[in-house]
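Subject: Handing over a structure

Hi,

Here is the structure I promised to pass on to you. Have a look at it first, and then read on for my notes.

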Amino acid sequence: MKTLLPLAILCSAISVPAFASGPANPPPYIYPAALVTGQIQGLTNWQGTYDTATGSGTSNGQMSLASSPSLSGSARKFVTTFTNSAGERYWTSFGADTASSHFVWDGWIYIANSNAGIANIELDMNQVMSNGQTVIYGFQCDGYSGTWDYTENSGTPQKPIDRWVHSQYSCNPRTWAVNTWHHVQVSYSRDDNGNVTYHGVWLDGVRHAMSVTVPSSFALGWGSVLLTNFQIDGLGASGAATVYLDKLTIYRW
């Protein structure tokens, strides 16, 4: 297992700023020797559950692998039904790594037929650090506020208050074109205390450089794990949404 370096030392060692000068929309920086976990959508241990934080409604989720539409030949299909704007959280674990401190979440999303029933699309990652605390890298396209949001712990790890923070950058899943693939990339890092810096988000190659740092460490008592969530929140009294996820890759170093 590699030694975890302080964030400032690591950035100095690789001598690459979060966003180098150059094109208006440079891609997210990925360390050349980064560890890569690809085709996460194809893992067999995906599960789903109603997210009680989305209110008093109900949700149900069904998953399957689909060859069409797909980019890789095997996309994961999520069919979510809901009442009272409830959300269904889907998740999978893809390893354990307490040392890595920089991540890029990179996936392709396809909304089938209609986006009218989608309030939010949430793309999270969780990591248990060497001190046993869990870092939550929470990120979503928020159709209520029309912004990209990120999470912070405004309490303490032992008495957490997990809340969403609206960024200044626009995002609403109901404005995404349907029946087409959208490329989403999110770059973030953490320090040894679980403070997370959200460097930026890319949608179809267009970059929003965020550069915000917030506390995001939680004493949840989890065992060592890397985990990603993909959540669909409904909109309205009742409805359904079909969304595909493909080529989900997470880079870490």
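Below is what turned up, topic by topic.

Before you start, note that this is a predicted model, so to speak of its limits: local features need pLDDT of at least 70, side-chain atom pairs count only at pLDDT 80 or more, and totals for chains, interfaces and linings use all residues. Residues are numbered from 1 along each chain as its sequence is written, and side-chain values use heavy atoms, with hydrogens and water left out.

**The disulfide**

Taking a disulfide as a pair of cysteine sulfur atoms within 2.5 Å, the count is one. It joins Cys141 to Cys171, with 2.1 Å from S to S. The torsion about that S-S bond is about -100°, so the disulfide is left-handed. Cys141 sits in strand 9 (residues 139-142) and Cys171 in the loop between strand 11 (162-170) and strand 12 (181-190), so the pair ties together parts that are 30 residues apart in sequence. Strands and helices here are DSSP runs numbered from the N terminus (E, at least two residues, for strands; H or I, at least four, for helices). Both Cys141 and Cys171 are buried; that means under 20% relative accessible area, while exposed is over 50% and partly exposed is in between (1.4 Å probe, protein chains only).

**The largest pocket**

A pocket is an open set of points on a 1 Å grid over the protein atoms alone, where a 1.4 Å probe fits, with protein on both sides within 12 Å along at least five of seven lines; lining residues have an atom within 4 Å of a point. The largest pocket has a volume of about 620 Å³, a volume being the space filled by probe spheres set on the points, which are joined across faces, edges and corners. Its lining has 29 residues, and Asp51, Ala53, Glu122, Asp162 and Trp164 lie nearest the centre. Among the elements that each supply at least two lining residues are strand 5 (87-95), strand 7 (118-128) and strand 16 (226-234).

**Aromatic pairs**

Rings of Phe, Tyr and Trp (its six-membered ring) pair if their centres lie within 6.5 Å; planes under 30 degrees apart are stacked, over 60 edge-to-face, and the rest tilted. That gives 14 aromatic pairs. One of them is Tyr31 with Trp253, a tilted pair at 6.5 Å centre to centre and 40° between the planes. Tyr31 lies in the loop between helix 1 (7-14) and strand 1 (35-37), and Trp253 in the segment after strand 17 (238-252), so this pair ties together parts 222 residues apart in sequence. Tyr31 is partly exposed at 30% relative accessibility, whereas Trp253 is buried at 6%.

Tyr110 and Trp181 are also tilted, because their ring centres are 5.1 Å apart and their planes are at 55°. This pair links distant parts of the chain, with Tyr110 in strand 6 (residues 102-111) and Trp181 in strand 12, 71 residues apart. Tyr110 is buried at 13%, and Trp181 is buried at 16%. There is also one aromatic cluster made of Phe103, Tyr137, Phe139, Trp148, Tyr150, Tyr188 and Tyr198.

**Two more residues**

Ser100 is in the loop between strand 5 and strand 6, and is buried with a relative accessible area of 0%. Tyr50 lies in strand 2 (residues 47-51) and is partly exposed at 24%.

Cheers
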